[in-house]
Each structure stands twice: as structure tokens, then as C-alpha cells.
Amino acid sequence: MNRNKSNLKGFWSFLREEEGMGTVEIILIIVVLIGLVIIFKTQLRSLVENVFEKITKDSKTVMS
């Protein structure tokens, strides 16, 4: 029984100590994502265009 109490005590102290992600980390993630979008802009544009063309073509076959 003592062991369970000590495990729970450790768990609750871990939860209290955990601060989560800070503003700096979130900003860094956003900067990296924007950089990836800028680097792969042409590839992403062609991929999105192909996907929308396929959706349009398939929706026409479903509607008829």
C-alpha cells in the first residue's frame, strides 16, 4: 500500500512540474513550417492542383 501511495505522489509531483510548451518553442515550430512551405512551394502547389483536379473529375462521375 505504501508503494502505491509513493507512486501516486511521484505522479502528481510530475504533473505539477510539467510546464508544457513555451512560446519560444511554438514560434520555432511555426518558423520551420513556414520555411518548409517556402522551400517546397512549387511542389506543394502542383500537388494541391492535382488533388483538386482529381476531386473535380471524380465528383462529376458521381453526379452523373
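These legends describe close-up views of a predicted model. Residues are numbered from 1 along each chain as its sequence is written; local features need pLDDT of at least 70, and side-chain atom pairs count only at pLDDT 80 or more. Totals for chains, interfaces and linings use all residues, and side-chain values use heavy atoms, with hydrogens and water left out.

**View 1. The chain runs α-α-α.** The secondary structure comes to three helices and zero strands. Both are DSSP runs numbered from the N terminus: helices are H or I, at least four residues, and strands are E, at least two. The chain exposes about 6400 Å² (Shrake-Rupley method, 1.4 Å probe). Carbon and sulfur atoms supply 67% of that area.

**View 2. Helix α2 packs with α3.** Helix α2 spans residues 23-39. The axes, lines fitted to C-alpha atoms over the stretch in contact, are 5 Å apart. The angle between them is about 75°, on a scale from 0 to 180 degrees between N-to-C directions. The two helices are therefore roughly perpendicular (65 to 115 degrees).

**View 3. V37, I38 and I39 in α2 meet K41, Q43 and L44 in α3.** Contact means heavy atoms within 4.5 Å. By class, this contact has four nonpolar, one polar and one charged residues. Val, Leu and Ile are among the nonpolar types, and Lys is among the charged ones.

**View 4. K54 forms a salt bridge with D58.** The term means a side-chain nitrogen of Lys or Arg within 4 Å of a carboxyl oxygen of Asp or Glu. The closest N and O atoms are 3.5 Å apart. Both residues lie in helix α3 (residues 41-63), four residues apart, about one turn of the helix.

Conventions
Angles under 35 degrees count as roughly parallel, over 145 as roughly antiparallel, 65 to 115 as roughly perpendicular and the rest as oblique.
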